[in-house]
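Please keep the sequence and the coordinates at hand while reading.

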2 protein chains.
Amino acid sequence: MNAEIITIGDELLIGMTVDSNSTWMANELTAIGINVYQITSISDSKEHISKVIDKALQRSELVLLTGGLGPTNDDITKNVLSEYFDSELIFNQQVFSSIETLLNARGLQMNNNNRMQAEVPACCEVLLNSKGTAPGMWFEKDGSILVSMPGVPYEMKHLMEDHVIPKVKRYFKRPSIYYRLIMTYGTFEAKLAEILADFEKELPEFINLAYLPTAGIIKLRLTGRGNKLKLLEDEINKQIDKLYSIIPQFIYGLDNISLEEEVGRLLKEKGLTVSTAESCTGGNIARMITSIPGSSSYFTGSIIAYDNSIKQNELLVNESDIASYGAVSEQVIIQMAEGIRSKFHTDFGIATSGIAGPDGGTEDKPVGTVWIAISSASGILVRKFAFSRYRDHNIRRSSLAALGMLRTQIIRS
Amino acid sequence: MNAEIITIGDELLIGMTVDSNSTWMANELTAIGINVYQITSISDSKEHISKVIDKALQRSELVLLTGGLGPTNDDITKNVLSEYFDSELIFNQQVFSSIETLLNARGLQMNNNNRMQAEVPACCEVLLNSKGTAPGMWFEKDGSILVSMPGVPYEMKHLMEDHVIPKVKRYFKRPSIYYRLIMTYGTFEAKLAEILADFEKELPEFINLAYLPTAGIIKLRLTGRGNKLKLLEDEINKQIDKLYSIIPQFIYGLDNISLEEEVGRLLKEKGLTVSTAESCTGGNIARMITSIPGSSSYFTGSIIAYDNSIKQNELLVNESDIASYGAVSEQVIIQMAEGIRSKFHTDFGIATSGIAGPDGGTEDKPVGTVWIAISSASGILVRKFAFSRYRDHNIRRSSLAALGMLRTQIIRS
């Protein structure tokens, strides 16, 4: 069966906002065996919206719409849908209560614009949105489905995961599909593809391998299609075992777990703790660790030592070593990692120091040079990296590399 | 005049690749006064490609196509175009030489696939691609233009900048367009819309207001269309002054500047410095500040005090105050802000302490309760917030609120 995605919003057509919503939705649909036939982006124009949804519903059994549901005048999707489906807007008490709860939780007052968001076309089934004031709406027409969702990414994702995907799975008969994600770090796509060339050739015909690279993390997706789910599951799990034997050094987990989540799980399991001393990563490692609920049980804190005086005063780095070797050096990074571990009484101490860029590089230490150390009772692990010219890339890669090194040390401990 | 963008590639439809090409192209077209009517993404399917370009050429005077021009078998765009324009592929010596030069420079041999890339439809004008092996192609039909370009972003950008945009500017007469962004924080869309209802009504007909909300930041976009650029500029700048007089408390800058960038700019301008003592934000404020190049001139460092012992030992928070009032309290947040400012010798000290969630809430202090303080020589600014149930949302909002409060204090200083 075919699906189409339509994203609505002037900001997409004037090149202000990258349409990452449709990519995310396409990935979700693909994962449950639905073919995405077309993605269309249009502006908040009444005539155009109704023309495009009409065409899409003629071609495809499922049409997902995002955007144009905000509380302001330029958001017209709801009115267009009501008219298109020959319905009328009616006040929905359930939606109203949901908006009220949300606003109350944020300490906000309901105003007239919010009140209007509780009006929905009479013919649709409401999908309650617990993360925002615009509800999702599920329409049926001649066996085809159209779902309208807000364009705010985390609201759309919540509606997709909690409502749309489960309903779509029940509504449409699809071939069995089973997929798993194998999470890797510390390498790049072309290299993985080279190592895995034979593995890919030897895959059974009904299983397909895809590379999904995001900054620093490459997800491998094994997808099986067929009629017997059990057989697909067994075969894919067998292939995952094979991957573990080919690239054990790169795989850190399965099924979309993040590296910070996996590291947190390991620390919790072993009852160990960690602290960080960050220079070039500027708090990003701490932020990643503390993004995980419950991280306070294994993370105590950090010292972000941007200024060298803080490296000396707080982490007890030898002043003369900074003078002789520079702050971006093996000598200094070791003292930073040991300094934070002993000061904050943790099992592991992470330290980073590097030239994030775009300025500050020298011939000896060009932008992208980063030292990382992990200190623990059993010793210290130190590595030097040469990343790129780009500040955000360097910060992200350094943080992932540090978490990857920490993972290695936890497993060894 | 209208333009359309069509991006071709299976990777777009299965959610593997975000279509950032069309965003970039839409931005370029908007900047030269061309209205982008629709963006369509489709897979490498012959029938679908030719159907979609036919529809687009009927609706719009300019159609830009990317993708499907690679050297592999799944790239079929060139053949589809040749057939659609009733032409045939012929060998082009100029393209062949350009491919040869490029491959030589990379130390590569020409293979049969590359040789076939020198064949182009007889009816098109070739746009030489100095950055890749697939040429751009410019077709005319009944006064409309279709341009086909490779999907590799830097090849497409080179062709757009060096060939397509200059040719389009010569070919089409266009109206002027001018837009600016007004950046706001500390409020939400529905509330802004209420405050600005009259402002919006009073706008001249040729100027339009749009709300572009992203987590915690709402961008207001004023767009003007007409024939006299100078008049548009003057009128929009006049409207911006008016906005500054209506909502001075929410506007922190113009033209896509981030709050952390604006705060950095202000600190630099005044020669002031800042440090942070973060509990619930876990380093996110430091990360935001240090994401800006050159931040080392005004940011010295942070103490992330997740564990209460660190609040006591490092920030000198009174142990009995933590016991009496809890770590999430006015008494503690003030000591944290003053502690970090005096310890790190900065002009400002930011402190955060709250219940990020999802667990840890109580009846008195539900999840989302956050205290923020900014300490400076002139005194302390303290605020209590009630955000939401969601950890990521609470961390993000707390960080923005802290930077917003810092901005207020810098301006007052």
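M183(B) stands opposite G253(B), a residue of β12(B), and in β11(B) the bridge partner of M183(B) is K219(B). These pairings, like everything that follows, are read from a predicted model. Strand β9 of chain B, residues 176–185, pairs in the antiparallel sense with strand β11 of chain B, residues 217–226, over ten bridges, and β9(B) also pairs, again in the antiparallel sense, with strand β12 of chain B, residues 251–254, over three bridges. Because nine of the ten residues of β9(B) are buried, this strand is largely enclosed by the rest of the structure.

| Strand | Partner strand | Sense | Bridges |
|---|---|---|---|
| β9(B), residues 176–185 | β11(B), residues 217–226 | antiparallel | ten |
| β9(B) | β12(B), residues 251–254 | antiparallel | three |

How many residues of chain B are in contact with chain A? There are 71 residues of chain B in contact with 73 residues of chain A. The size of an interface is often given as the accessible area lost when the parts come together. For chain B and chain A the buried area is about 5,600 Å², and carbon and sulfur atoms give 59% of that area. The count of salt bridges between chain B and chain A is two; one of them joins the side chains of K343(B) and E314(A), with an N to O distance of 3.4 Å. Across the interface of chain B and chain A, 27 residue pairs are in polar contact, with both residues at pLDDT 80 or more. On the side of chain B that touches chain A, the residues divide into 35 nonpolar, 23 polar and 13 charged.

T281(B) lies in the loop between β13 (274–278) and α12 (284–290) of chain B. Is T281(B) buried or exposed? With a relative accessibility of 0%, T281(B) counts as buried. The side chains of T281(B) and E278(B) are joined by a polar contact of 2.8 Å. Leaving aside neighbours within four places in sequence, T281(B) is in contact with T290(A) of chain A and with T352(B), I395(B), S398(B) and S399(B) of chain B.

How values were computed
Residues numbered from 1 in each chain as written. Chains lettered and ligands numbered in written order. Predicted model: local features only at pLDDT ≥ 70, side-chain atom pairs only at ≥ 80, totals over all residues. Heavy atoms only, no water. Contact = heavy atoms within 4.5 Å. Buried area = accessible area lost by both parts, 1.4 Å probe. Salt bridge = Lys/Arg side-chain N within 4 Å of Asp/Glu carboxyl O. Polar contact = N/O pair within 3.5 Å; in protein donor to acceptor, adjacent residues only side chain to side chain. Nonpolar A, V, L, I, M, F, W, Y, C, P; charged D, E, K, R; others polar. Buried < 20%, exposed > 50% of the residue type's maximum accessible area, 1.4 Å probe, protein only. Helix = DSSP H or I, 4+ residues; strand = E, 2+ residues; numbered from the N terminus. Pairing = 2+ DSSP bridges.
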